[in-house]
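Subject: Structure for your files, with notes

Hello,

Please find the structure below, followed by notes on what was found in it.

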Amino acid sequence: GRQPPQVGRRLNALLLVAAQRPRRILPWLAVTLAVTLACCGATTKATQDDRTPLEQALYLRDQGRFDDAERDLATLAEAGDARAQLELAETLMLRGRHAKAAALLKERYKLAPDDAELVGAMARALDGAGQVDEAATAYARRLQLQPRDLPAAVRLTELLIGRGDLVQACMVAEAALRIAPDHAGLHAALSRALLGRGRVPQALEHAKLATGYAPDDGSMWLQLAQVLLMTGEMEACRAALERCLKIDPQSVEALRDLGVVMLELGDAKQAVALLKRATQIAPDSAAAWTALGVARHRHGDLVGATAALEHAGRLQPHAPQIFASLAEVVLDDGYPRRAVTEARKARDRLGTSASAELRKRVERLHARAVVVSLLADALCRGDRDGAALQQAAEHELHDAGLTAYLSEIPKFGAECTAQVKSARQRCMSAGSPPPEAPPPAPSPSPTP
């Protein structure tokens with residue numbers, strides 16, 4: 001309990017005297033302490049008795065007694081206490097039970113659709129429960145009721161970006177910026193939306209404004225770096241990422257992006273070091289492991305690259321870029337048949353939203369792996385029949401749905417001498433006698 005100031009002063013005086021004359025003062029000190037503690041207990045009890053049931057439940061929650069608080073709040077909510085129902089939802093969210101909180105608040109929303117506080121809590125609960133579309137709707141309603149809720153505007157913008165509604169995301173952020181033109185988070189969110197729409201100069205402008213309004217926020221420098229990475233300004237991007245890491249040395253995104261930048265600047269060794277650190281901080285980040293695999297490939301560590309990309313594939317088994325990168329690594333490492341398998345996996349994971357550039361990259365990789373595999377097999381067998389090799393390549397590419405690349409078979413054969421040589425070395429180590437000369441490159445078949 002709390003004591004009045006004069007009680008504390010008297011106790012201090014008694015303790016000082018007790019140190020000087022222990023025999024005379026200790027009996028009186030014992031009596032005084034007993035009376036003081038009794039008074040404090042009475043004060044605490046009086047305070048507890050003065051609390052309303054709702055206040056007492058919130059007091060229990062503040063003390064970390066979540067089970068007791070939840071039980072008391074549920075009782076009050078069942079009795080029709082709207083405030084208790086809202087606080088019960090907040091308690092559930094504190095305990096990570098967002099779905100249950102969302103269900104509770106949706107029922108209440110039917111009765112009070114214009115309650116701005118209720119709508120805000122419902123939006124956060126839906127967001128935490130992963131119900132993204134409903135959360136976006138709730139945040140939009142919250143902004144209708146409370147247009148100055150800037151955190152809600154930022155979060156709605158992020159959700160809209162996440163589901164690809166970039167035009168609407170820009171509209172939300174721009175409307176909020178008319179209310180608060182110096183809000184760094186809104187400028188950064190708008191920059192992300194503009195970047196997604198390909199409006200790079202405008203994205204760069206808002207990213208710079210974000211760092212100006214919040215120079216000590218690492219996430220603002222990270223957003224600026226991501227825009228600069230798109231513009232190809234590598235040195236400026238590197239400086240922005242280093243500024244972000246100075247503020248937040250544990251930023252996985254900054255470490256990953258700086259690793260990519262160092263790779264582009266030609267320092268593969270430093271890139272690998274940065275990306276290894278990123279995977280140590282976030283061992284479940286598929287993006288960090290993918291970037292590490294690519295960096296190790298560039299650095300010449302094919303075994304390490306394969307291990308990193310295999311791990312990334314286990315973490316994110318539906319990402320075509322991972323399997324495409326893995327196909328490139330194993331092709332260079334002398335395993336063309338496995339490269340065919342990994343390229344096929346990448347193609348199978350290409351969705352309707354995949355870019356034309358990615359689709360072409362994966363298809364060409366698949367076709368190239370097929371040609372290298374057939375050339376390496378022929379080399380190991382000592383088969384010098386170029387026409388038969390051409391026919392076999394055409395047949396396999398046709399079966400794989402890669403007829404657009406039939407005319408490029410000779411070109412692939414000429415371009416892939418390093419991969420064929422690597423596969424030949426694998427073949428030799430397996431005990432197959434190699435021929436004295438490589439088979440002739442397949443000749444183009446006549447145009448039908």
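Is histidine 187 buried or exposed? This is a predicted model, and in it histidine 187 has a relative accessibility of 5%. The cut-off for buried is under 20%, so histidine 187 counts as buried.

First, the chain overall. The secondary structure comes to 24 helices and 0 strands. The chain has 448 residues, of which 43% count as buried. Taking contacts between residues at least 6 apart in sequence, 51% join residues at least 24 apart.

Histidine 187 is placed in helix H11. Its side chain is joined to that of histidine 206 by a polar contact of 3.0 Å. With residues up to four places away in sequence not counted, histidine 187 touches Leu177, Pro181, His206, Leu209, Ala210 and Tyr213.

Serine 191 is also found in helix H11. The relative accessibility of serine 191 is 0%, and it therefore counts as buried. A polar contact of 3.0 Å links the side chain of serine 191 to the side chain of glutamine 223. Beyond its neighbours within four places in sequence, serine 191 is in contact with Ala203, His206, Ala207, Gln223 and Val227.

H11 (residues 184-196) packs with H10 (residues 166-179): the two axes come within 9 Å and cross at roughly 155 degrees. Angles over 145 degrees count as roughly antiparallel, so H10 and H11 are roughly antiparallel to each other. Their crossing is left-handed. On the H10 side, the residues that meet H11 are Leu166, Ala169, Cys170, Ala173, Glu174, Ala176 and Leu177. On the H11 side they are Leu186, His187, Leu190, Ala193, Leu194 and Gly196. Sorted by class, this contact has 10 nonpolar, 2 polar and 1 charged residues.

Glycine 212 lies in helix H12 (residues 200-213). Its relative accessible area is 54%, so glycine 212 is exposed. Glycine 212 and aspartate 182 are 30 residues apart in sequence, and their C-alpha atoms are 9.2 Å apart in space.

Two other helix pairs

How do H21 and H24 cross? The axes of H21 (residues 356-381) and H24 (residues 417-429) come within 9 Å, with a crossing angle of roughly 45 degrees. That angle makes H21 oblique to H24. The crossing of this pair is right-handed. H21 contributes Val372, Leu375, Ala376, Leu379 and Cys380 to the contact, and H24 contributes Gln419, Val420, Ala423, Arg424 and Cys427. These residues divide into 8 nonpolar, 1 polar and 1 charged.

The other pair is H3 (residues 53-62) and H5 (residues 82-94), which pack at an angle of about 10 degrees with their axes 11 Å apart. Angles under 35 degrees count as roughly parallel, and H3 and H5 are therefore roughly parallel to each other. Leu54, Leu58 and Arg61 of H3 meet Arg83, Ala84, Glu87, Glu90, Thr91 and Leu94 of H5. By class, the H3 and H5 contact divides into 4 nonpolar, 1 polar and 4 charged residues.

Which residues does alanine 268 contact, its neighbours within four places in sequence left aside? They are Leu263 and His299. Alanine 268 is placed in helix H16, which covers residues 268-281. With a relative accessible area of 13%, alanine 268 is buried. Alanine 268 and alanine 295 are 27 residues apart in sequence, with a C-alpha to C-alpha distance of 6.1 Å.

Regards

Conventions: Residues are numbered from 1 along each chain as its sequence is written. This is a predicted model: local features need pLDDT of at least 70, side-chain atom pairs count only at pLDDT 80 or more; totals for chains, interfaces and linings use all residues. Side-chain values use heavy atoms; hydrogens and water are left out. Axes are lines fitted to C-alpha atoms, for helices over the stretch in contact, and angles run from 0 to 180 degrees between N-to-C directions. Helices (H or I, at least four residues) and strands (E, at least two) are DSSP runs, numbered from the N terminus. Angles under 35 degrees count as roughly parallel, over 145 as roughly antiparallel, 65 to 115 as roughly perpendicular and the rest as oblique. A crossing is left-handed if the near helix is turned anticlockwise from the far one by less than a right angle, and right-handed if clockwise. Contact means heavy atoms within 4.5 Å. Ala, Val, Leu, Ile, Met, Phe, Trp, Tyr, Cys and Pro count as nonpolar, Asp, Glu, Lys and Arg as charged, and the others, Gly among them, as polar. Buried means under 20% relative accessible area, exposed over 50%, partly exposed in between (1.4 Å probe, protein chains only). A polar contact is a pair of N or O atoms within 3.5 Å; within protein, one must be able to donate a hydrogen and the other to accept it, and residues adjacent in sequence count only if both atoms are side-chain atoms.
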